[in-house]
Amino acid sequence: MRWYLHKLAMMFGAQPRRPSKREETDVARDMKKFQKTPEERYKRREIIAKEQQYPVVSNKWKYARWVSIIVINLMFVVSFSWDVQLVEGAMTASRFLGFHMADPTSALMVTLAYKDLMLNLIIGTVTVVVLWWFFGGRAFCSWACPYHLLAEWAEAIHLFLTKRGWVKDHGFHRGLRVVLWFVFMALAFLTGYTVFEYINPIGIVSRALIYGPTVAVVWVIFLLGVEIFFSRRFWCRYMCPMGLTYGVIGTMAPVQIKYDLSKCVHEGECREVCLVPHVLEITKMGYAQDTTEYIAPDCTRCGLCIDACPQGALGFTFRGLDGII
Amino acid sequence: MSETTPSPAPKRKKRLTRSQLERRRMIMRSLGAGTAAITAALVGWYPVANRLFDRLRPPGAIPEDEFLASCIKCGQCVQVCPVEAIVLGDGDEGYGLGVPYINARKQACDFSCDAVQCVLACPTGALSHEIAKKEEVTMGVARLARPDTCLAMKGEGFTGQVQGPDFDGLLRYTEIDRWTPIKVADHPYDLELCDLCVRECPIDDAISLVPLSSDPDEMRHIPTITDKCVGCGTCEMMCPVEPVAIIIDTEMSLEGAA
């Protein structure tokens, strides 16, 4: 329980840490001790050497995700341009075959600014909350958010430039988005305007795709520039209040990524590719709390770590339904 | 820091400072980024506070400030409009970004949909669901802003296409097609006395032509707007002269004046 609370706290900006002796399970402790024996160390070194000699490159989840993001956003675009009424609206609020959908963050801001409860918005928000509770909260980020895809491409450029030594990644405090979440909620309430929508790249990109480009896209290009030249995944990691809301929604999600300590050789490939690497600190030698563990709620279920792990120590699972399915 | 005394105490202090420095730099960066984001978001207040844009909001729009607050910027109203009269505001409009409005001269709301579809589509009630009929709409009020250019005021007729052959505007001509609006450019007129603002007005008794004098041969007429006018802007779109003689005083500007 305490370990779970720690994972929750990490989503709000807490530093990742080792589990204490009390939090660690006995099996995990034994396994870690076993992994520290010289024979095991030698075996792991051999495995890693072999991996480096014959690297396995998988992009299965990445491309699945790209298809998902493109298809979801294309449904919006096509609905309007071909007038097929599949998903009307934009990412902030829409109607999927007539069912209301509303982004929880945007809906909450509208409610705070307008100071009135609107039934359609409540219905839409509940639908979206239930949907993304199931798929894992921030799964919205990596499987639906149009900005995520742009940011992922910007990240690829950033990583290329970093490798060349032309740019450097500057980290920020992850608590920043929590502060921004409250500041923007307070601003919506105090000013009576949905202040955040003005700089919300998700809304801007989504509307630009559906209704045609606008001057506001310049802001999105600026953000992508920051991500390319200054800070890796700046918006998604440190800024986005929408991501935080989805993170909270997904704290008890059935769809999870599961970590298997017994298969892990602790080389850290997963942390290299991860959007939110603090959730994968458990894969460091000695950092796991149990022999199998669900990744922290901040995880976007993007699957990059699964693709990256040559040992298959990470994988998608349905929490509580493992035995049934 | 004195470099002459290599005692362990200041050395430890220095190392601590270095690790703290990195963290402090990160915190400062975060504060800076947060401040920048909030400032950028607050920039949007300026055009709204100063009412830099006078926008004709779609049918059913509640008073401007509440409208900006309750609109979730999704554009569902844009999607259902059969004449695509509704467009979304851009970044220069501040908090009007993504908020729908109508450019009546380009494409007015002619109620082609009959049942105020945009109101039904609105997920938040920014377009008030209390409105069910076009007669209940209050978007603004038409006003003869330039009587000197008005053809009816001069007693003149109109022949040809309203706003020229390249005009993209749509209008539903019930006598031609009850359901589908057609291009205004495809519907040329030949009028002895220009009465387009009255002829194409979708609201009954909202506007009429009143002779300027009691002389039976009087050709000069003044378009007279009644309180039935909902401000849909069809007269503004259909006015054949340039600059346009009749315009809509938006609810927004009327609010501001009141």
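Modeller: One begins with confidence. This is a predicted model, and chain B averages a pLDDT of 90, with 93% of the residues scoring at least 70. For the complex, the predictor gives an ipTM of 0.88 and a pTM of 0.90.

Biologist: How many residues of chain B are in contact with chain A?

Modeller: On the side of chain B, 37 residues take part, and they are in contact with 46 residues of chain A. The elements of chain B that give two or more residues to this side are α1 (8–43), α2 (45–49), α3 (64–70) and α4 (76–80).

Biologist: Which of these elements gives the most to that side of chain B?

Modeller: The most comes from α1(B), with 11 residues. By class, the side of chain B that touches chain A holds 19 nonpolar, 12 polar and 6 charged residues.

Biologist: How does one read the packing of two helices, for instance α9 and α13 of chain A?

Modeller: One considers the approach of the axes and the angle between them. For α9 (residues 176–191) and α13 (residues 241–249) of chain A, the axes come within 9 Å and cross at roughly 100 degrees. Because angles of 65 to 115 degrees count as roughly perpendicular, α9(A) is roughly perpendicular to α13(A).

Biologist: Which residues make the contact between α9(A) and α13(A)?

Modeller: From α9(A) come R177(A), V178(A), L180(A), W181(A) and F184(A), while α13(A) supplies P241(A), G243(A) and L244(A). This contact of α9(A) with α13(A) comprises 6 nonpolar, 1 polar and 1 charged residues.

Methods. Residues are numbered from 1 along each chain as its sequence is written. Chains are lettered from A and ligands numbered from 1 in the order in which they are written. This is a predicted model: local features need pLDDT of at least 70, side-chain atom pairs count only at pLDDT 80 or more; totals for chains, interfaces and linings use all residues. Two residues are in contact if their C-beta atoms, placed from the backbone, lie within 7 Å. Helices (H or I, at least four residues) and strands (E, at least two) are DSSP runs, numbered from the N terminus. Ala, Val, Leu, Ile, Met, Phe, Trp, Tyr, Cys and Pro count as nonpolar, Asp, Glu, Lys and Arg as charged, and the others, Gly among them, as polar. pLDDT is the predictor's confidence in each residue, from 0 to 100. Axes are lines fitted to C-alpha atoms, for helices over the stretch in contact, and angles run from 0 to 180 degrees between N-to-C directions. Angles under 35 degrees count as roughly parallel, over 145 as roughly antiparallel, 65 to 115 as roughly perpendicular and the rest as oblique.
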